[in-house]
Amino acid sequence: MYVCLCKGITDTQIRDAVTEGACSMRDLRERLDVATQCGKCGRECKSIINEYRQTSVSFINAAQYAMA
């Protein structure tokens with residue numbers, strides 16, 4: 001699904017950037033140039049970042065529980 005129509009950036013590209021270390025809107029702007037024109041995609045980009053953070057924390061907690 002396209003998130004940034006101005007630049008033609010998809011949710012998959014944003015997720016890939018987050019997986020590769022982008023952890024803020026600043027990082028996404030530098031890597032993908034999102035939210036630099038109309039800015040309407042900013043909210044969805046932030047949601048994807050937050051979704052990744054929650055998933056990562058859940059995964060780490062599950063791994064720690066499994067090791068105990």
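This is a predicted model: local features need pLDDT of at least 70, side-chain atom pairs count only at pLDDT 80 or more; totals for chains, interfaces and linings use all residues.

Reader: Let us start with helix α1; which of its residues are buried?

Author: Two conventions come before the case. Helices (H or I, at least four residues) and strands (E, at least two) are DSSP runs, numbered from the N terminus. Buried means under 20% relative accessible area, exposed means over 50%, and partly exposed lies in between, with a 1.4 Å probe and protein chains only. In helix α1, which covers residues 11-19, the buried residues are D11, I14, A17 and V18. A17, for instance, has a relative accessible area of 5%.

Reader: Where do the buried residues of α1 fall when seen down its axis?

Author: The general idea is that an α-helix has 3.6 residues a turn, so residues three or four places apart point the same way. The buried residues of α1 fall within an arc of 125 degrees, so they line one face of the helix; the arc is that of the directions from the helix axis to the C-beta atoms.

Reader: And which residues are buried in α2?

Author: In α2 the buried residues are M25, D27, L28 and L32. Viewed down the axis of α2, they fall within an arc of 155 degrees, so they too line one face of their helix. The face turned away from that buried side carries the exposed residues R26 and E30.

Reader: How many salt bridges does the structure hold?

Author: A salt bridge is a side-chain nitrogen of Lys or Arg within 4 Å of a carboxyl oxygen of Asp or Glu. By that rule the structure holds three. One of them joins D11 and R15, at 3.0 Å from N to O; both residues lie in helix α1, four residues apart, which is about one turn of the helix. D11 counts as buried, at 16% relative accessibility, whereas R15 counts as partly exposed, at 31%.

Reader: With which other residue does R15 form a salt bridge?

Author: R15 also pairs with E51, the closest N and O atoms being 3.1 Å apart. Because R15 lies in helix α1 and E51 in helix α3, the pair ties together parts that are 36 residues apart in sequence. E51 is partly exposed, with a relative accessible area of 39%. Through shared partners, these salt bridges join D11, R15 and E51 into one network.

Reader: Which parts of the chain does the salt bridge between D33 and K7 link?

Author: In this pair the closest N and O atoms are 2.8 Å apart. D33 sits in the loop between α2 and α3, and K7 in the loop between β1 (2-4) and β2 (9-10), so that distant parts of the chain, 26 residues apart, are linked. Both count as partly exposed, D33 with a relative accessible area of 33% and K7 at 32% relative accessibility.

Reader: Which residues gather in the patch of positive charge on the surface?

Author: Patches are made of residues with over 30% relative accessible area and no salt bridge, like charges being joined within 9 Å and nonpolar side chains (Val, Leu, Ile, Met, Phe, Trp, Tyr) within 5 Å. Lys and Arg count as positive. Here the patch gathers R26, R29, R43 and K46, and the elements that give two or more residues to it are α2 (25-32) and α3 (42-67). R26, found in helix α2, is exposed, with a relative accessible area of 59%.

Notes:
Residues are numbered from 1 along each chain as its sequence is written. Side-chain values use heavy atoms; hydrogens and water are left out. Accessible areas come from the Shrake-Rupley method with a 1.4 Å probe; for residues, only the protein chains shown count as cover. The place of a charge is taken as NZ of Lys, CZ of Arg, CG of Asp or CD of Glu.
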